[in-house]
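Please work through the following exercises with the sequence and the model at hand. Each task is followed by a solution in steps.

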Amino acid sequence: MSERDALVVDDHPTNRLLASALLKKMGWNVREAESGESALVLAVQHAFHLILLDISMPGITGEETCTRLRQAQGERHVHIIAYTAHAFPEDRTRFLDIGFDDILVKPINRQRLQELVDNI
């Protein structure tokens with residue numbers, strides 16, 4: 001695994017496809033997961049450097065997935081970005097308090113995504 005390995009987690013295939021395509025154009029190696037459960041399994045198998053994580057998913061939510069990822073990672077830090085349509089200031093504060101490193105608001109914007117990954 002390299003420092004350019006990313007995981008895109010979203011229950012909507014179109015959202016995964018778009019985010020993955022943009023990250024690949026930026027030089028990232030990208031894997032995809034359709035649920036929080038799948039993301040947790042993949043995160044045990046691979047040392048991702050970046051996880052783009054949808055908040056609203058059936059089953060385990062993005063918030064719960066983030067919490068479990070943080071508990072499982074131990075000393076290793078992975079950058080987890082909330083990928084969501086929820087952009088209210090109180091949501092942002094809650095997401096950061098849970099353990100997200102930053103928030104990317106849908107619909108995805110290439111420039112904002114580039115800014116976020118440039119800071120990693």
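**Exercise 1: Arg 68**

Leaving out residues up to four places away in sequence, Arg 68 touches Leu 40 and Ile 60. The model is a predicted one.

Task: Determine in which helix Arg 68 lies, and whether Arg 68 counts as buried, partly exposed or exposed.

Solution. 
Step 1. Arg 68 is part of helix H3.
Step 2. The relative accessibility of Arg 68 is 37%. Buried means under 20% and exposed means over 50%, with partly exposed in between. Arg 68 therefore counts as partly exposed.
Step 3. For a distance check, take Pro 58, which is 10 residues from Arg 68 along the chain; the two C-alpha atoms are separated by 16 Å.

**Exercise 2: The largest pocket**

Task: State which residues line the largest pocket, and which helix gives the most to the lining.

Solution. 
Step 1. The lining consists of Leu 40, Ala 43, Val 44, Ile 51, Arg 68, Leu 69, Ala 72, Gln 73, Arg 76 and Val 78. Two elements, helix H2 (36-45) and helix H3 (62-73), each give two or more residues to this lining.
Step 2. H3 gives the most, with four residues.
Step 3. By residue class, the lining holds seven nonpolar, one polar and two charged residues.
Step 4. The space in the largest pocket comes to about 160 Å³.

**Exercise 3: Helix H2**

Task: Identify the buried residues of H2 and the elements against which they pack.

Solution. 
Step 1. Gly 36, Ser 38, Ala 39, Leu 40 and Leu 42 are the buried residues of H2.
Step 2. These buried residues pack against strand S1 (5-9), strand S2 (29-33) and H3.
Step 3. Glu 37 is also found in helix H2.
Step 4. Not counting residues up to four places away in sequence, Glu 37 touches Pro 58, Gly 59 and Ile 60. The C-alpha atoms of Glu 37 and Ile 120 are separated by 25 Å, and the two residues are 83 residues apart along the chain.

**Exercise 4: Helices H3 and H4**

Task: Describe how H3 and helix H4 (residues 89-98) pack, and name the residues that meet.

Solution. 
Step 1. Two packed helices are described by the angle between their axes and the distance between the axes.
Step 2. For H3 and H4 the angle is about 25°, and the axes are 9 Å apart. Angles under 35 degrees count as roughly parallel, so H3 is roughly parallel to H4.
Step 3. In H3, the residues Glu 63, Cys 66 and Thr 67 meet Arg 94, Phe 95 and Ile 98 of H4. The residues of this contact divide into three nonpolar, one polar and two charged.

**Exercise 5: Gly 62**

Task: Decide whether Gly 62 is buried or exposed, and list its contacts beyond four places in sequence.

Solution. 
Step 1. Gly 62 has its place in helix H3.
Step 2. With a relative accessible area of 0%, Gly 62 is buried.
Step 3. Apart from neighbours within four places in sequence, Gly 62 is in contact with Leu 53, Asp 54, Ile 55, Met 57 and Phe 100.
Step 4. The C-alpha atom of Gly 62 is separated by 13 Å from that of His 12, which is 50 residues away along the chain.

Methods: Residues numbered from 1 in each chain as written. Predicted model: local features only at pLDDT ≥ 70, side-chain atom pairs only at ≥ 80, totals over all residues. Heavy atoms only, no water. 1 Å grid on protein atoms, 1.4 Å probe; cavity = no way out; pocket = protein on both sides within 12 Å on 5 of 7 lines; lining within 4 Å. Points joined across faces, edges and corners; volume = space filled by probe spheres on them. Nonpolar A, V, L, I, M, F, W, Y, C, P; charged D, E, K, R; others polar. Axes fitted to C-alpha atoms, helices over the stretch in contact; angles between N-to-C directions. Parallel < 35°, antiparallel > 145°, perpendicular 65-115°, else oblique. Contact = heavy atoms within 4.5 Å. Buried < 20%, exposed > 50% of the residue type's maximum accessible area, 1.4 Å probe, protein only.
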